[in-house]
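Please look through the model shown below and follow the paragraphs with the structure open beside you.

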Amino acid sequence: MDILDLLEEFESIIEGSGRIPMTGKVVIHEEVLYNYLDKFRAYLPQSIRDAEYVIREKDRILNDAVREGEGLIEGAKVKCQRIVGESEIVKQAIAQGELIITNAKAEAKNLVSGAYSYSEEVMSNLQKELETNLKTIRSGRDAIRLHLPPPSVIDIQKMEIAEGE
């Protein structure tokens, strides 16, 4: 069963429900409405769940990068303290420590940048999917209001192409 079948089934429930005289309103049991809401939620795209995973993964990557950077910095400090007595070795250790710190910061910055870029891409795709689903739902609701069958996904895509032109 796809979302359009589910919308048609819901439309049948609405059409078969009792009406309140002189108001144009329909009486539907609350349990039936919640049941259909649960079914509609089940059709939400996997992208929503994927986006939540991406956000959690981004936070984990950032935390790992920070911990790794701190570990590298701490390692550099320990290494520098070990060789403090010899000036040339100290200079080399300081330079190497600074290089390690610079590299760790650059790596952390790249990880953060990559995580944000990936998150933006996933969120953009998710937004497009949600907009398409919202158009489908609006179209279905309009069709329900007009007692017409809802347009197919192909019709909606054609409408989107026409709007883009």
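**From the pocket to the loop**

The largest pocket of this predicted model has a volume of about 360 Å³, where a pocket is, on a 1 Å grid over the protein atoms alone, an open set of points with protein on both sides within 12 Å along at least five of seven lines, and a volume is the space filled by probe spheres set on the points, which are joined across faces, edges and corners. Of the 14 residues that line this pocket, meaning that they have an atom within 4 Å of a point, the closest to its centre are Phe10, Ile14, Phe40, Arg141 and Ile144. Helices H1, H2 and H4 each supply at least two residues of the lining, a helix being a DSSP run of H or I with at least four residues and a strand a run of E with at least two, both numbered from the N terminus. By class, the lining has 10 nonpolar, one polar and three charged residues; here Ala, Val, Leu, Ile, Met, Phe, Trp, Tyr, Cys and Pro count as nonpolar, Asp, Glu, Lys and Arg as charged, and the others, Gly among them, as polar.

Residues are numbered from 1 along each chain as its sequence is written, and side-chain values use heavy atoms, with hydrogens and water left out. Local features need pLDDT of at least 70 and side-chain atom pairs count only at pLDDT 80 or more, whereas totals for chains, interfaces and linings use all residues.

Which residues do ring pairs link into a cluster? They are Phe10, Tyr36 and Phe40, and rings of Phe, Tyr and Trp (its six-membered ring) pair if their centres lie within 6.5 Å, with planes under 30 degrees apart counted as stacked, over 60 as edge-to-face and the rest as tilted. The structure holds two aromatic pairs. Phe10 and Tyr36 form a tilted pair, 5.0 Å centre to centre and with 45 degrees between the planes, and this pair links distant parts of the chain, since Phe10 is in helix H1 (residues 3–16) and Tyr36 in helix H2 (residues 30–42), 26 residues apart. Both Phe10 and Tyr36 are buried, where buried means under 20% relative accessible area, exposed over 50% and partly exposed in between (1.4 Å probe, protein chains only). The rings of Phe10 and Phe40 have centres 6.0 Å apart and planes at 85 degrees, so this pair is edge-to-face. Phe10 lies in H1 and Phe40 in H2, so the pair ties together parts that are 30 residues apart in sequence.

Helix H1 is also the place of Leu6, which counts as buried at 1% relative accessibility. Leu6 and Tyr43 are 37 residues apart in sequence and 9.8 Å apart in space, C-alpha to C-alpha.

The loop between strand S1 (18–20) and strand S2 (25–27) contains Met22, which is exposed, with a relative accessible area of 89%. Phi of Met22 is near 65 degrees, a positive value in a residue other than glycine. Most residues other than glycine have a negative phi.

Finally, consider helix H5 (residues 153–164): at 1.5 Å a residue, its 12 residues should span 16 Å, and its end C-alpha atoms are 17 Å apart, which agrees. The expected span is 1.5 Å times one less than the number of residues. Of the 12 residues of H5, the number buried is one, so this helix lies largely in the open.

Technical notes: On a 1 Å grid over the protein atoms alone, a cavity is a set of points where a 1.4 Å probe fits but cannot get out, and a pocket is an open set with protein on both sides within 12 Å along at least five of seven lines; lining residues have an atom within 4 Å of a point.
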